[in-house]
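Open the structure in your viewer and keep the selection tool ready.

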Amino acid sequence: MNYLSDVDRLANRFRVMRHGQSKANEAGVIVSTIESDRRGDYGLSELGLRQARAAADACGLPADTVIRSSDFSRARETAEIVRARLGAAEVISTGALRERCFGDLEGETVASYARVWEGDEAGTGHVHGVEPAAAVLDRVTALVADLERRYSGRDILLVSHGDTLQILQAGFQRLDPSLHRRLPPLNTAEIRELHLTGEPSRLRP
């Protein structure tokens with residue numbers, strides 16, 4: 001479900017940030033479960049630390065920015081760097097922003113992503129135990145809807161992962177989540193503002 005499908009306008013300004021380069025990125029392996037993340041050393045690489053600091057310095061966000069982060073180490077470390085630079089309040093971690101689970105592809109090389117993305121568009125993206133794009137859409141747009149109920153007029157930064165944020169972008173644009181790879185991907189440590197586009201579903205013929 002897309003919890004933004006019937007929203008006319010947002011009460012807050014939302015930006016997303018992909019984590020800086022991680023040690024998993026550096027090694028070219030898939031780490032998509034919290035159990036794998038906690039068992040290993042998959043936080044930010046040295047380059048990732050530099051990327052996160054540079055993005056934090058350049059972002060121009062105010063000190064009262066609300067920051068939510070995936071609880072994976074690479075995202076949490078990125079969020080903490082931004083929080084420290086802004087002097088913002090505590091980062092709150094949430095499972096809603098976790099990496100998309102790639103199921104049986106865990107630990108394989110990142111070359112396996114292409115098979116999943118092809119499967120998304122073909123309607124078979126859930127094979128190998130991969131979390132369906134629609135399930136990711138459900139959890140991330142539910143988080144945005146909850147933040148909309150809690151806050152008004154605030155800058156909100158969501159720190160997460162590549163596929164998770166691709167699918168959230170699709171939600172903001174009210175696209176089928178299976179088409180998420182047709183949208184411009186975020187680079188590591190990139191911050192991007194998201195805007196609602198397209199008509200709310202209740203207004204469509």
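**Stop one: the pocket.** In this predicted model, the largest pocket has a volume of about 300 Å³. Select Arg18, Asn25, Glu99, Tyr113 and Gly162. Of the 21 residues that line the largest pocket, these five lie nearest its centre.

Now colour three helices: H1 (23-27), H5 (113-122) and H7 (162-172). Each gives the lining of the largest pocket at least two residues. Which helix supplies the largest share of the lining? Helix H7 does, with three residues. Next, colour the lining of the largest pocket by class.

**Stop two: the strands.** Select strand S1 (residues 13-18) and strand S4 (residues 155-160). S1 and S4 run parallel, and six bridges join them. Pick Arg15, then look across to S4: Leu157 stands opposite.

Is the pairing of S1 and S5 parallel or antiparallel? S1 and S5 pair in the antiparallel sense, over four bridges. Click Phe14, and you will find Leu194 of S5 opposite.

**Stop three: two packed helices.** Select helix H3 (residues 46-58) and helix H4 (residues 73-86). Their axes are 9 Å apart, and the helices pack at an angle of about 35 degrees. The crossing of H3 and H4 is right-handed. Show the side chains at the contact. H3 brings Leu49, Ala52, Arg53, Ala56 and Asp57. H4 brings Thr78, Ile81, Val82 and Arg85. By class, the contact of H3 with H4 has five nonpolar, one polar and three charged residues.

Methods: Residues are numbered from 1 along each chain as its sequence is written. This is a predicted model: local features need pLDDT of at least 70, side-chain atom pairs count only at pLDDT 80 or more; totals for chains, interfaces and linings use all residues. Side-chain values use heavy atoms; hydrogens and water are left out. On a 1 Å grid over the protein atoms alone, a cavity is a set of points where a 1.4 Å probe fits but cannot get out, and a pocket is an open set with protein on both sides within 12 Å along at least five of seven lines; lining residues have an atom within 4 Å of a point. Grid points are joined across faces, edges and corners, and a volume is the space filled by probe spheres set on the points. Two strands pair if DSSP finds at least two bridges between them. Axes are lines fitted to C-alpha atoms, for helices over the stretch in contact, and angles run from 0 to 180 degrees between N-to-C directions. A crossing is left-handed if the near helix is turned anticlockwise from the far one by less than a right angle, and right-handed if clockwise. Contact means heavy atoms within 4.5 Å. Ala, Val, Leu, Ile, Met, Phe, Trp, Tyr, Cys and Pro count as nonpolar, Asp, Glu, Lys and Arg as charged, and the others, Gly among them, as polar.
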